[in-house]
Amino acid sequence: MDIKSIGVLGSGIMGSGIAHVSALAGFQTKLYDIADDILNRAHSQIQANLQKGVELKKLTIEQVEFALSHLSLTKSLEEVAQCDFLIEAVPELIDLKLKLYGELDRLSPQHTIFASNTSGLSITEIAAATKRPKKFIGMHFFNPVHKMKLIEIIKGLETDGETFGITEWVGQKMGKETVAVRESPGFVTSRINALIGNEAFYMLEEGIASAADIDKALKLGLNHPMGPFEMVDLVGLDTRLSILNYLHQTLGEKYRPCPLLVKYVKAGRLGRKVGKGVYEYR
């Protein structure tokens with residue numbers, strides 16, 4: 001199957017990043033969301049990131065123009081559903097995803113492949129909302145998408161080999177490295193990251209060290225590119241809490257969210273996207 005068009009559903013941090021690399025790779029890319037202001041904000045961010053690539057001499061002006069010519073915005077679910085390959089990047093709420101895929105399954109051609117960017121929810125469960133479980137797969141990107149090289153590819157119970165092969169090819173054309181992961185809560189990276197991040201909150205709660213010093217220790221002592229608090233502020237504390245709640249439910253007590261993380265989320269300290277998380281950004 002020849003993939004020419006990719007639809008990205010959800011224009012937040014992850015969705016806009018996926019649309020960026022998709023358009024740059026030469027796919028006709030449609031970015032979908034429910035409101036013009038959200039879409040315009042995403043488009044501006046993509047333009048800014050592409051321009052930054054030119055300033056850093058990683059991209060040429062011609063590549064930027066090429067990418068932007070392959071990117072369009074839409075509020076029509078019916079329009080984006082016509083693409084050959086759909087990548088969903090909506091919030092990590094299982095009911096929201098099930099409802100969306102039920103609608104997409106009704107609107108999309110039979111050949112369209114569905115890929116979820118979920119960071120830990122069950123691919124098999126989400127695929128069950130459709131009549132095409134063989135063409136349903138997990139495609140977990142990492143933030144910031146235009147910089148991070150990895151994609152986890154997760155097969156559901158009924159995902160077929162052709163769908164896996166096409167998804168791997170799409171990821172490679174986007175310039176990414178891929179790893180195959182057997183479906184399990186949290187996959188590989190989210191499961192490990194959740195434990196590290198949760199333990200960091202316990203250490204902060206117990207007064208073992210400051211957030212800045214915990215971050216510094218992991219960066220300089222363990223060679224992590226970002227500290228756990230820098231990472232959670234980028235990912236979103238609400239997203240991390242949602243993942244931990246799911247892992248706690250499915251994998252047991254060691255994933256119980258730290259009470260301090262819960263307090264931060266209740267206080268509205270959700271990370272960079274709102275200007276304050278563990279750190280202040282205003």
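**View 1. Domain 1 and domain 2, with 26 Å between their centres.** That spacing, taken over C-alpha atoms, comes from a predicted model. The domain assignment runs domain 1 over 5-182 and domain 2 over 188-273. Where they touch, domain 1 puts in 13 residues and domain 2 puts in seven residues.

**View 2. What the two domains bury.** Zoom in on the interface of domain 1 and domain 2: about 830 Å² gets buried between them, with 56% of it on carbon and sulfur atoms.

**View 3. K30 and E79 in a salt bridge.** Here the side chains of K30 and E79 meet, 3.0 Å from N to O. K30 sits in strand β2 (residues 28-32) and E79 in helix α4 (residues 77-80), so to speak a link between distant parts of the chain, 49 residues apart. Side chains of opposite charge can pair when their charged atoms come close.

**View 4. Helix α8 crossing helix α10.** The axes of α8 (residues 189-205) and α10 (residues 228-235) come within 9 Å and cross at roughly 115°. As α8 passes α10, the crossing is left-handed. On the α8 side the contact uses I196, G197, A200, F201 and L204, and α10 answers with P228, F229 and V232. Sort those contact residues by type and you get seven nonpolar, one polar and no charged.

Note on methods. Residues numbered from 1 in each chain as written. Predicted model: local features only at pLDDT ≥ 70, side-chain atom pairs only at ≥ 80, totals over all residues. Heavy atoms only, no water. Axes fitted to C-alpha atoms, helices over the stretch in contact; angles between N-to-C directions. Helix = DSSP H or I, 4+ residues; strand = E, 2+ residues; numbered from the N terminus. Left-handed = near helix turned anticlockwise from the far one by under 90°. Contact = heavy atoms within 4.5 Å. Nonpolar A, V, L, I, M, F, W, Y, C, P; charged D, E, K, R; others polar. Domains from an automatic or database assignment. Buried area = accessible area lost by both parts, 1.4 Å probe. Salt bridge = Lys/Arg side-chain N within 4 Å of Asp/Glu carboxyl O.
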